[in-house]
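Thanks for coming, everyone. I have one structure to walk through today. Please look at it on the screen while I talk.

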Amino acid sequence: MRSVHVNLPGVSYEISIEAGLLARAGEALKQVTKSPKAGIITDSHVGELHLQALENSLNSAGIQTICAMIPAGEQHKTLMMLMPVYDQFLEARFERSIPVIALGGGVVGDMAGFVAATILRGVPFVQIPTTLLAMVDASVGGKTSVDHPVGKNLIGAFHQPIAVLIDPQTLATLPADEMHNGLAECIKHDLIRDAGSFATLQEKISAALELDMDVLSELIAHNVAIKAKVVEADPFEKSERAHLNFGHTFGHAIESVSKFAYSHGQSVALGMCAASFVSHKLGYIDSAELGQIVSTIRRAELPVCGLKMDLETVIETMGYDKKVKDGRLRLVLLEKIGRAVIRDDVPRGLIREGLESIR
């Protein structure tokens, strides 16, 4: 088993990574809670695939389960969709000692985490991510949220899990597109923190797409470690943690304007290309580095161009980004491969050029 320890003020937890871990989730949960009950939140897709295995494991460990099912898809990531979950848990006499378990991808993790952060003013939270995107990004760091018509993730709270259990075998049930989405975050992590790993990432991408479990376990552990270090340095996204949003200011706007026709991974891929172009135009990275970034994103079978939407609408939507401060849009750019920088003085014209570069 690979593990990454996250140590934050007042809270610490282990991220465990091992093939077959889902079937032993009950044993793992008993190590972090004495509650004889657990609430599970999953969606209609993941529930059919993995819910029975999780419930069997928890029941075998003497833990009773209360399961809430939500519709699958980002379009359902709203407060209204959570009301039946609150109803179900409260009617079952939920208590503050009972953990909420997220079983699913990033959307499920965000929504279940928000429930855990708010029901009874906060209960324990456990992440069991089943997509590569959730494993390497969304399940680590305690960000929980739902969307608002104005933009993504604008209603939420920080609520750290007590444990993260990652079973790479669940990736074998994923559509290919979901693997590509997760690789977008792997690329991002190396671009902002590890130039050496980025140099060899293209080889790992091929093996990951072939579902080599050893490579996937190593890749997940590497990315989790990067994110954990950033989160430890900046738990509430006051400064350094904003670097994790490289490509996301462009990407979240693309995702929202497209009404989620572009997936999160596709949107972030396009956003990283646009942000890299702006970084190049500002003199940070050279044309060869820009080409290497675009080539790596393409190797992950993610889009690098072809954006078809009104650019002014995208720019306007970017203005609602959570990183806006004093009315100024803060862009995460690359000072060089492996090092991010935040700029709040990028001209609107250059932002538009960045978007033009991915048309």
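Let's start with the largest nonpolar core, which has 74 residues. Ile15, Ile187, Leu191, Ile220, Phe250, Ile297 and Leu307 are the ones that touch the most other members. A nonpolar core here is a set of buried Ala, Val, Leu, Ile, Met, Phe, Trp, Tyr and Cys residues joined through side-chain atoms within 4.5 Å. Buried means under 20% relative accessible area, exposed means over 50%, and partly exposed is in between, with a 1.4 Å probe and protein chains only.

Take Phe250. Which residues does Phe250 touch, not counting residues up to four places away in sequence? They are Gly271, Ala274, Ala275, Val278, Met318, Leu331, Ile351 and Leu355. Contact means heavy atoms within 4.5 Å.

A word on the model. It is predicted, so local features need pLDDT of at least 70, side-chain atom pairs count only at pLDDT 80 or more, and totals for chains, interfaces and linings use all residues. Residues are numbered from 1 along each chain as its sequence is written, and side-chain values use heavy atoms, with hydrogens and water left out.

Now the cavities. How many cavities of 30 Å³ or more does a search of the whole structure find? There are 2. H10 has the largest share, with 4 residues. By class, the lining divides into 5 nonpolar, 5 polar and 3 charged.

Some terms. On a 1 Å grid over the protein atoms alone, a cavity is a set of points where a 1.4 Å probe fits but cannot get out, and lining residues have an atom within 4 Å of a point. Grid points are joined across faces, edges and corners, and a volume is the space filled by probe spheres set on the points. Ala, Val, Leu, Ile, Met, Phe, Trp, Tyr, Cys and Pro count as nonpolar, Asp, Glu, Lys and Arg as charged, and the others, Gly among them, as polar. Helices (H or I, at least four residues) and strands (E, at least two) are DSSP runs, numbered from the N terminus.

The second largest cavity holds about 50 Å³ of space. Phe250 comes back here: it is one of the lining residues, along with others including Asn245, Ala275 and Leu331. H10 and strand S10 (331-336) each supply at least two residues. This lining has 6 nonpolar, 4 polar and no charged residues.

On to the strands. Two strands pair if DSSP finds at least two bridges between them. S1 (residues 2-8) and S2 (residues 11-17) run antiparallel, joined by 7 bridges. Ser3 stands opposite Ser16. Their hairpin has 2 residues between the strands, and Gly10 takes a positive phi near 80° there.

S2 also pairs with S9, in the parallel sense, over 4 bridges. Glu14 has Ala163 as its bridge partner in S9. S6 (residues 125-129) runs parallel to S9 too, with 2 bridges. Gln127 stands opposite Val164.

Which way do the residues of S9 (residues 163-166) point? Ala163 and Leu165 go one way, Val164 and Ile166 the other, and all are buried. In a regular strand the side chains alternate between the two faces of the sheet.

Next, S3 (residues 37-43). In S3, 6 of the 7 residues are buried, so the strand is largely enclosed by the rest of the structure. S3 pairs with S4 (residues 64-70) in the parallel sense over 7 bridges.

Most residues other than glycine have a negative phi. Arg93 is not a glycine, yet has a positive phi of about 60°. Arg93 sits in the loop between helix H3 (79-91) and strand S5 (100-104). Asn153 also has a positive phi of about 60°, and is found in strand S8. Buried or exposed? Arg93 is exposed, at 69% relative accessible area, whereas Asn153 is buried, at 16%.

Technical notes:
On a 1 Å grid over the protein atoms alone, a cavity is a set of points where a 1.4 Å probe fits but cannot get out, and a pocket is an open set with protein on both sides within 12 Å along at least five of seven lines; lining residues have an atom within 4 Å of a point.
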